Amino acid sequence: MMTKSAHQPVVAVIAEIIMTVREFFFVVLFLFFGHTRSMTSRLIVIVGLILLAILFGVLRWWFFTYDVTPHEITLKKGVFIRKYVHMPFERIQTITRTQPFYFQPFDVYRVSIETSGKKDDRLVFSALRLTQIEVIEQYRQQSQTKTTESKEVPKADHVYHIQTSELVVFALTSLGSLGIFGALATVISELSMHMPQDLVAKFDHWFSGQTFAGYIMILAVILIVSLVIAFARIYNRYYHFTLTRFGVHLAITQGLLTKKEIQLRLSRIQAVHYEQSLLRRWVNLATINVLLASSGRGDKEKQDKTTIIPVVSSSKAYHVLSDFLPSYRLITPKKAIGIDHAMFYELRYEVLMSLIYLTLPTVIYFGCAYVWHWPTIYSVIGIFILSVLIIYVMICAAVRMTDQRLVIEQETLTLQTSQWLTKHVYTIPRDKIQGAKATQSYFMIKSQTQHLRVIIRNGDGAKMIDMRYLPEAEVERQTMLKVKKNN
């Protein structure tokens, strides 16, 4: 049994210092780059932040104590406002341990323990040693399996290891590079405002003297850097990804620089989510996530969904997954549903909504262009951008209606749709459906169609899955969904 009222390892102060720096980062950034600040004032700001972070880190560590018994964990924390939390082991749903690179020399982990209750019903340890974590996990298993006398290590029922070749292709087809490209451009633009003026002038002179080929080369370099960063992030996150099933628990290990381990109960899973972007359709790769009943999203590292297979061949995805979720009826839906002219109705709706949303900005723009005599080329570019946006929205709508599927087999509901060209397939057990409703506008009465919205739990909130232009009889027939019509 662990010592009563124990402190975390001293190395936890590092995590607390980093947390304090994050909390005050934007305030310090504003003070540091203030135009009225001298270099001396900026150095004082930096030194003040460091001292404040060290002080709060030590205080948070000192006032954080916990007790572990065979039945529960009791946690006490808070510098100014004391908080007491009691968590019985039998209620624990998920244990997540993360080991950033700066923790690896000390062999400690950041640990998050949560139930499926309210968002505050969660324990987070900044640093625990492996032996301390193993004691917690052992008590959890004993409490939930009702075999407190047994200390045997459970045997793995099934193990899945990620394929390195598939992970490389998966990382290369990530669209995260587009966001990084924009972030790099923003950072470069912001830094130019704070660099010495003579250096900025020299750069402007060099940049304005480039040929068209030179601009293409610069753009290509930034794009390549973005791709490399996006590739490194994904490869680092899912390096040596391993999924293991121990009875009614799943264990996930992953990471290169930042190592992460997750243990979750199968009963916590609300739905299986198959995801496949447009690029990954072409290379026949998919991602498998699960939507969980979570106690909150306060942790910045947490996501609304948990990835249990980051990348797998789309042809064998469900075959691999069936070993880890044996109670799920996993199928690839092939039964298309809808009505005649559903595609036309959806395209008409999207075009009308686009015109409604874009009318006011367009009128304002052309009004300003007329008053201030903006060059005609700006109007041509604006019309071109609007046209591209409308065409893109129409393409997305067409793909969504083409992908749309709904299949009910035994006690499982399978929904397939797409959002912005990314295909999503949700497999939902009947008892996990939180609610559903059908809506029918005045214009849909004649064609006897309805929109269906299925609601399932996702984290401490809800996930809405919409199916559009379904036959009214088909929706009403699914009495298992307890559909409430809102005419």
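What we are looking at is a predicted model, in which local features need pLDDT of at least 70 and side-chain atom pairs count only at pLDDT 80 or more, while totals for chains, interfaces and linings use all residues. Residues are numbered from 1 along each chain as its sequence is written, and side-chain values use heavy atoms, with hydrogens and water left out.

Let me stay with Arg-453, whose side chain meets that of Asp-466 in a salt bridge at 2.7 Å, N to O; the term stands for a side-chain nitrogen of Lys or Arg within 4 Å of a carboxyl oxygen of Asp or Glu. Arg-453 lies in strand 19 (residues 449–458) and Asp-466 in strand 20 (residues 461–471), so the bridge ties together parts that are 13 residues apart in sequence. Helices (H or I, at least four residues) and strands (E, at least two) are DSSP runs numbered from the N terminus. Asp-466 is also partly exposed, because its relative accessible area is 35%.

The structure holds 8 salt bridges, and another of them joins the side chains of Glu-137 and Arg-97 at 3.1 Å, N to O. Here Glu-137 sits in helix 3 (residues 130–145) and Arg-97 in strand 5 (residues 94–99), 40 residues apart, and both of these residues are buried.

Which residues are linked in a network of salt bridges? They are Glu-346, Glu-350, Arg-400 and Arg-468. Glu-346, found in helix 10 (residues 342–372), counts as buried because its relative accessible area is 0%. Arg-468, for its part, lies over the face of Tyr-349, at 4.6 Å from the ring centre.

Turning to the nonpolar side, a core means a set of buried Ala, Val, Leu, Ile, Met, Phe, Trp, Tyr and Cys residues joined through side-chain atoms within 4.5 Å. The largest such core has 35 residues, and Leu-243, Ile-269 and Leu-325 are among those with the most contacts inside it. Several elements give two or more residues to this core, including helix 7 (212–238) and strand 14 (305–313), while strand 13 gives the most, with 5 residues. A second, separate core of 20 residues includes Val-68, Met-87, Ile-92 and Leu-128.

Finally, the rings. Rings of Phe, Tyr and Trp (its six-membered ring) pair if their centres lie within 6.5 Å, with planes under 30 degrees apart counted as stacked, over 60 as edge-to-face and the rest as tilted; by this rule there are 14 aromatic pairs. Tyr-102 and Phe-103 form an edge-to-face pair, 5.2 Å centre to centre with 75° between the planes. Phe-231 and Tyr-235 have centres 5.7 Å apart and planes at 10°, so that pair is stacked, and both residues lie in helix 7, 4 residues apart, about one turn of the helix.

Definitions and conventions: Buried means under 20% relative accessible area, exposed over 50%, partly exposed in between (1.4 Å probe, protein chains only). A charge sits over a ring if NZ of Lys or CZ of Arg is within 6 Å of the ring centre and within 35 degrees of the ring normal.
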